[in-house]
Amino acid sequence: MSFKTSFSQILEEISKMMKCFHIFKDKSSRSGREARSAPELRDHNKSKTNSSSRPTKSAGSSSSTPRSIPEMYREKAHNLVAFSLSELREATNNFNKLLKIGVGGFGSVYKGKIRPPDGKGDHVIVAIKKLNIYGLQGHKEWVAEVQFLGVVEHPNLVKLLGYCAVDGERRIQRILVYEYLPNKSLEDHLFNRNVPAIPWRTRLNIILGAAQGMAYLHEGLEVQVIYRDFKSSNVLLDKDFNPKLSDFGLAREGPAGDRSHVSTAPVGTYGYAAPEYVSEGHLSTRSDIYSFGVVLYEILTGRRALERDRPPMQQKLIEWVKQFPADSMKFTMIIDPRLRNQYSLNAARRIAKLADRCLNKNARERPTITQVVEVLQQAIQDSEDASPSDTRDAEASTSRSSRVMTNNQFKKMGINTTTRQTSHAAQA
Ligand SMILES: Nc1ncnc2c1ncn2[C@@H]1O[C@H](COP(=O)(O)OP(=O)(O)OP(=O)(O)O)[C@@H](O)[C@H]1O
Ligand SMILES: [Mg+2]
């Protein structure tokens with residue numbers, strides 16, 4: 001027999017489990033039960049800083065004392081639908097493998113059909129993520145995702161429609177229901193050869209939209225939100241290739257008062273995490289900016305942050321690109337061959353310089369997300385203004401470099417000298 005679980009039950013369960021396990025990397029600072037409808041993150045929002053003196057952010061509230069995410073969630077919880085397991089079984093033909101559209105670190109994602117909330121009209125297509133809950137971490141991230149996505153509202157953030165929580169005698173179910181985004185992720189378009197490569201301007205629009213989504217998280221809410229998992233696989237694309245950040249299981253509130261960071265044991269994805277976060281556990285919005293810099297180079301080069309099947313010197317993207325500075329002649333050699341020289345060189349150099357600033361070892365020296373947005377807007381302007389010579393420059397300098405370097409020299413630098421086939425462009 002199984003029964004539907006309320007959030008307050010889930011929280012209680014997490015709280016009990018916390019007494020027995022030490023697998024949480026963060027430590028709890030909050031105390032007291034929350035209202036029944038709010039999935040409280042006792043542990044998740046813990047920082048070594050004092051959360052009661054959190055700074056007020058620009059938009060969203062007239063109150064001088066900013067509320068925490070769980071407090072904000074309580075106000076908005078009613079917007080989410082609590083689905084029954086049978087509804088979601090029906091929606092996915094009993095989680096049929098043929099409807100599986102993706103698998104991530106926390107479970108499988110299915111395409112499904114649900115009845116519209118008012119029961120009228122056509123079915124709504126949704127994405128249903130069924131979590132593999134093997135430990136406390138899974139619970140914690142599920143609750144975080146519901147709370148953060150229940151509160152945020154922005155065109156560049158994925159929309160959570162509802163959730164399902166069921167505890168059975170044999171196993172528990174934790175499921176999330178999102179708006180369906182039909183164009184896969186940025187990762188798929190950059191690295192999967194079976195998915196069409198995206199043209200230059202679309203890449204810029206995607207990264208600008210992603211930056212705007214992050215700007216909302218960093219600066220547009222009552223509380224500062226650190227996303228903590230920025231990577232190309234978490235940038236989903238809608239039918240018009242507009243980007244939406246997904247996966248808020250690792251998100252957390254920013255530091256209190258004038259503290260520069262929160263301290264936590266690092267979790268996230270290798271290759272994207274900032275050095276001070278990996279080594280010291282210092283987490284701040286500037287850690288997100290570092291990850292953003294990595295993705296900027298992924299967009300320029302069409303290479304993954306980490307490619308273990310390459311020679312050691314080429315495995316880490318940000319180490320490899322250092323050999324090709326933005327202002328040097330050889331810079332064009334790192335540009336994604338799938339772009340077939342269809343890009344603005346001025347814009348590409350601007351973006352590489354921006355990425356270098358984002359990747360600064362000193363977190364304080366990195367730009368803010370607002371500054372990132374501004375530079376990306378300038379890069380888009382460069383691309384719009386691009387004279388044919390800007391694009392021809394790119395081709396010319398590549399061939400100039402080619403004349404003075406042998407194939408072996410190219411190979412040493414990790415450049416593929418064979419021409420790769422370019423898939424047809426996704427859209428202009
Ligand atoms: N709302 C959605 N609409 C359409 N497809 C989605 C949606 N959410 C996820 N997917 C698909 O499912 C895939 C897996 O997503 P998921 O977030 O579980 O894993 P991931 O991002 O690849 O890895 P990680 O677990 O490290 O975040 C995505 O790459 C995407 O193709
Ligand atoms: Mg993901």
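# Reading strands, burial and a ligand shell

Mentor: Let us begin with one element: a hairpin joins β6 to β7 through 3 residues.

Trainee: Before we go further, what kind of model is this, and how are its parts numbered?

Mentor: This is a predicted model, in which local features need pLDDT of at least 70 and side-chain atom pairs count only at pLDDT 80 or more, while totals for chains, interfaces and linings use all residues. Residues are numbered from 1 along each chain as its sequence is written, and chains are lettered from A and ligands numbered from 1 in the order in which they are written.

Trainee: How should I read the strand labels, and in which sense do β6 and β7 pair, parallel or antiparallel?

Mentor: Helices (H or I, at least four residues) and strands (E, at least two) are DSSP runs, numbered from the N terminus, and two strands pair if DSSP finds at least two bridges between them. Here β6 and strand β7, residues 172–179, pair in the antiparallel sense over 7 bridges, with Y163 standing opposite L176 in β7. Strand β6, residues 160–168, also pairs with strand β2, residues 81–82, in the parallel sense over 2 bridges, and there the partner of V81 in β6 is G162.

Trainee: How many helices and strands does the protein chain have, and what percentage of its residues count as buried?

Mentor: The protein chain has 14 helices and 13 strands. For burial, one counts the other C-beta atoms, placed from the backbone, within 10 Å of a residue's own: 20 or more make it buried, 12 or fewer make it exposed, and anything in between makes it partly exposed. Of the 428 residues of the protein chain, 43% count as buried.

Trainee: Which residues is G150 in contact with, once its neighbours within four places in sequence are left aside?

Mentor: With those neighbours left aside, G150 is in contact with Y73, K76, A77, N79, L80 and L160. The C-alpha atoms of G150 and Y73 are 6.1 Å apart in space, although the two residues are 77 residues apart in sequence. G150 lies in helix α4, residues 136–151, and counts as buried because it has 25 C-beta neighbours inside 10 Å.

Trainee: Which residues come nearest to ligand 1?

Mentor: A residue is near a molecule if its C-beta atom, placed from the backbone, lies within 6 Å of it. Of the 20 residues around ligand 1, G102, G104, G105, V109 and A127 come nearest. The largest share of the shell, 3 residues, comes from β3, and β3 (100–104) and β5 (124–131) each supply at least two residues.

Trainee: How does that shell divide by residue class, and where does ligand 1 lie relative to the domains?

Mentor: Ala, Val, Leu, Ile, Met, Phe, Trp, Tyr, Cys and Pro count as nonpolar, Asp, Glu, Lys and Arg as charged, and the others, Gly among them, as polar; on that basis the shell has 9 nonpolar, 8 polar and 3 charged residues. Domain bounds come from an automatic or database domain assignment. Domain 1 (21–39 + 66–179) and domain 2 (186–386) both give residues to the shell around ligand 1, so the ligand lies between them.

Trainee: In which sense do β3 and β4 pair?

Mentor: β3 and strand β4, residues 107–114, pair in the antiparallel sense over 4 bridges, forming a hairpin with 2 residues between them. In β4, the bridge partner of G102 is V109, and both G102 and V109 are among the residues that come nearest to ligand 1.

Trainee: Which residue does UniProt list for "binding site"?

Mentor: UniProt lists K130 for "binding site" in an unreviewed entry; such positions are given in the numbering used here, feature names are shortened, and annotations may be inferred rather than shown by experiment. K130 is placed in strand β5 and is partly exposed, with 19 other C-beta atoms within 10 Å. Apart from its neighbours within four places in sequence, K130 is in contact with F95, G107, S108, Y110 and I175.

Trainee: Finally, where is D247 found, and is it buried or exposed?

Mentor: D247 is found in the loop between β10 (243–245) and β11 (252–253), has a phi near 70 degrees, a positive value in a residue other than glycine, and counts as buried with 24 C-beta neighbours inside 10 Å.

Key. Contact = placed C-beta atoms within 7 Å.
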